[in-house]
Amino acid sequence: MDKFMNLIKLSVGTESPETLDVWQQSRAAQTEDGLPRHVTRMWPKREAEILNGGSIYWVIKGVIQCRQKVLRMDEVIGSDGIRRCAIVLDPELHRTQTALKRPFQGWRYLKPEDTPPDLPKGRTQDDPIPDELNRALAEIGVL
């Protein structure tokens, strides 16, 4: 298998990639081996493609801002007895060029050709365009 698939997910309550990182460092957001995870009800049917090099792209405040490589998927049984999927992530957050994304529920598949490129290492912002202008340009399809 040479192709891979990504996931995209809203990071609800997160203000920035930094606050996402802080949350993921909390014990509640980690696996037993200390890696960050996101627990979801639905198990991705395209698991093999995701594990073949895919990432989860995080939408923060209506904008894709960063991604993390998906390392594995663990089964988690909740206190209600329901089987869930823990998407286990590489702890390194990769900043991406920003891309406006409308709200949606749960996670979605994201094709590699539809993903925003990573920013160069060490760069924390896409560009000096103010957020409101950046959103307006994205809404009309300029960015």
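Student: Is Tyr-109 buried, partly exposed or exposed in this model?
Tutor: Good place to begin, and keep in mind that this is a predicted model. Buried means under 20% relative accessible area and exposed means over 50%. Tyr-109 has a relative accessibility of 30%, so Tyr-109 counts as partly exposed.

Student: How many aromatic pairs are there, by the rule used here?
Tutor: Ring centres have to lie within 6.5 Å to pair. By this rule the count is one aromatic pair.

Student: Are the rings of Trp-107 and Tyr-109 stacked, tilted or edge-to-face?
Tutor: A pair of aromatic rings is described by the distance of the centres and the angle of the planes. For Trp-107 and Tyr-109 the centres are 5.1 Å apart and the planes meet at 75°. Planes over 60 degrees apart count as edge-to-face, so the pair of Trp-107 and Tyr-109 is edge-to-face.

Student: And Trp-107 itself, buried or exposed?
Tutor: The cut-off for buried is under 20% relative accessible area. Trp-107 has 13%, so Trp-107 is buried.

Student: Which residue lies over the face of Tyr-109?
Tutor: Here a charge comes into the picture, 5.4 Å from the ring centre of Tyr-109. For Arg, the CZ atom must be within 6 Å of the ring centre. The residue over the face of Tyr-109 is Arg-46.

Student: Which residue forms a salt bridge with Arg-46?
Tutor: Side chains of opposite charge can pair when their charged atoms come close. For Arg-46, the closest N and O atoms of the bridge are 2.9 Å apart.

Student: Over which ring does the charged end of Arg-83 sit?
Tutor: Arg-83 is partly exposed, with 43% relative accessibility. Its side chain meets that of Glu-75 in a salt bridge at 2.7 Å, N to O. The charged end of Arg-83 also sits 4.2 Å from a ring centre, and that ring belongs to Trp-43.

Student: How far apart are the closest N and O atoms of Asp-74 and Arg-72?
Tutor: Both residues are partly exposed, Asp-74 at 22% and Arg-72 at 28%. They form a salt bridge, and the closest N and O atoms are apart by 2.9 Å.

Technical notes
Residues numbered from 1 in each chain as written. Predicted model: local features only at pLDDT ≥ 70, side-chain atom pairs only at ≥ 80, totals over all residues. Heavy atoms only, no water. Salt bridge = Lys/Arg side-chain N within 4 Å of Asp/Glu carboxyl O. Buried < 20%, exposed > 50% of the residue type's maximum accessible area, 1.4 Å probe, protein only. Phe/Tyr/Trp six-rings, centres within 6.5 Å; stacked < 30°, edge-to-face > 60°. Lys NZ or Arg CZ within 6 Å of the ring centre and 35° of its normal.
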